[in-house]
Amino acid sequence: MRESSTESVRVVAEVARESRARLLAILASRERDLHAAEDALADAFAQALETWPVEGVPTSPVAWLLTASRRRLIDGLRRSGSERARLERLARTIENEVASNLEIEMWPDERLKLLFIAAHPAVEASARAPLMLQLVFGLDAATIASAFLASPSAMSGRLVRAKNRIRELGISFDVPESEELPSRLRSVLDTIYAVFGTAWEPADGTEVRWTELRDEAIRLGRLLVELLPGRPEAEGLLALMLHCEARRPARRDSQGRFVPLDEQDVALWDLDLIEEAERRLASAARHRLPGRFQLEAAIQSAHAARRFGRGVDWADIALFYDELLRIEPTIAAATARAAVIARIEGPEAGLAALERLPESAIKDYQPFWATRAELSRSAGLRREAEAAYDRAIGLSDDPGVRAHLLGRRARIVD
Amino acid sequence: MKYAVLVYEGLEDYSARTDSDRAGAYWGAYRAYSSALREAGVAAGGTALEPPDRAVSIRIRDEKRTVHDGPFADTKEQLGGMFLIDVPDLETALEWAARCPAAAWGAVEVRPVLVMGSDSAQ
């Protein structure tokens, strides 16, 4: 008995991990009500934990959970006595009968719908990545709040408001039609990248959950490419994430200190991931529609040359940054471009490029000050370098980055 | 909006202040943090405190005074100082709190500064 109970709990946990998002997608796209779908699914999981240890694990646990969740939702309809509600109940009960006899593998993958809903333009921009984390990854509000550096109560409120808005507006969960698709897809890509970026720089390298988040974001990138083929920017995003992930083992030294790209041991870069990234980027480029993510992936691809024993082509990288700044000017791209200019024309030229950036954008932008510190040091401007290092250290929220910069600053004196 | 960024540190961290191996990194991190606050135009005051073993606590109950050495509460991390910052919202305050060196080794608490109304300030 004890054994079967442990076994049931293990199966419930496994189904929750593997299939929760698919189940939620199926339920929510029908209901157009994320709260109701989430509640029904949570009830079904609770019911599974109660009954499976006694009655044994069903042959298809996922189908069982779907049937149980749908029954909850149908129960909800019973409260209304109208004729329409009666017919709706009957129709759903028929659907439920059919569904429970099919294996989940035979249903279309509906997770795409959750991605499009989470990144819907009606959802406020700051709620999109958190909502995606909750719907697709099943993370709780407190964890999401920590990831986005928000208070948990404020984050809960933001998530509830987003779901209410989706329900009140009666937004369709369908994957958008071709006309609307490009702009809606763009928002999905931005949101997946925001999830990846949030998980990218953990304050502490041992935080397992962030590793899982990155893996999930990459998995979503792969899913998107598979379910929506022929979208070059989706492939570009996947290539970009894979390149970043490939270098992760080299980004910290044994004491957790940050190691800048130039100084990384390329032997630690993951060759399989780099090759997958390159295949994706090559496939995207065939469409002749380079966008933001393809350009960013191309920059990473140029750096990856070192893994194959070749030098980095800085002129190519400069070209990619110029185009990136033309289509989507950001302070991040402008700062990175200045560092590339310094490579090609010398530190003074890089500093001059930094000089042109607006004060309001740089005053609390850490990478600007770190770049300025490095370039000032190369140019022999010791006092400027020290001041810029201080500013960069003070703006770091990562102890590994802080330790790296303190070390760099201390070495100027020599 | 003004917020207090309250810095809590453990005994290990207080000893880093005077330990020759660690003092450089400790003070370097704080010096850089306060200069970043100043340069970004958000610094609105604050102070550092001597370690908790320099504290003396007083309570008065039923006209009876009790004075003892040390901080009033015996917790692992003790208040070591505070930064006052003036930023648009709590989110920005949390960003600055995450940059505070103690976030990585002790704890940092963010609290809105109480705004005294005309009634309560009498």
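**Close-up 1. Polar contacts between chain A and chain B in the predicted model.** Five residue pairs, both members at pLDDT 80 or more, are in polar contact across the two chains. Helices α19 (382–395) and α20 (399–412) of chain A each supply at least two residues of the side that touches chain B. The largest share, five residues, comes from α19(A). By type, this side of chain A divides into six nonpolar, three polar and eight charged residues.

**Close-up 2. Salt bridges between chain A and chain B.** The count is three. In one of them, E91(B) pairs with R158(A). Their closest N and O atoms are 3.1 Å apart.

**Close-up 3. Area buried between chain A and chain B.** In contact are 17 residues of chain A and 20 residues of chain B. Together the chains bury about 1,500 Å², 60% of it on carbon and sulfur atoms. L149(A), R391(A) and R402(A) supply 33% of the area that chain A buries against chain B, more than any other three residues.

**Close-up 4. The open four-stranded sheet of chain B.** Strand order is β2-β5-β1-β6, with antiparallel pairing. β2 (43–48) and β6 (107–112) of chain B each have a single partner strand, so one side of each lacks a neighbour in the sheet. The twist averages 20° from one strand to the next. Six bridges join β1(B) (residues 2–9) to β6(B). Y8(B) stands opposite A107(B) in β6(B).

**Close-up 5. Helices packed on the sheet of chain B.** Helix α2(B) (residues 23–39) touches β1, β2 and β5 (78–86) of chain B. Its direction makes about 20° with that of β5(B). Helix α3(B) (residues 90–99) touches β1, β5 and β6 of chain B. The direction of α3(B) makes about 155° with that of β6(B).

Key. Residues are numbered from 1 along each chain as its sequence is written. Chains are lettered from A and ligands numbered from 1 in the order in which they are written. This is a predicted model: local features need pLDDT of at least 70, side-chain atom pairs count only at pLDDT 80 or more; totals for chains, interfaces and linings use all residues. Side-chain values use heavy atoms; hydrogens and water are left out. Contact means heavy atoms within 4.5 Å. Buried area is the accessible area (1.4 Å probe) that two parts lose on being put together, summed over both. A salt bridge is a side-chain nitrogen of Lys or Arg within 4 Å of a carboxyl oxygen of Asp or Glu. A polar contact is a pair of N or O atoms within 3.5 Å; within protein, one must be able to donate a hydrogen and the other to accept it, and residues adjacent in sequence count only if both atoms are side-chain atoms. Ala, Val, Leu, Ile, Met, Phe, Trp, Tyr, Cys and Pro count as nonpolar, Asp, Glu, Lys and Arg as charged, and the others, Gly among them, as polar. Two strands pair if DSSP finds at least two bridges between them. Axes are lines fitted to C-alpha atoms, for helices over the stretch in contact, and angles run from 0 to 180 degrees between N-to-C directions.
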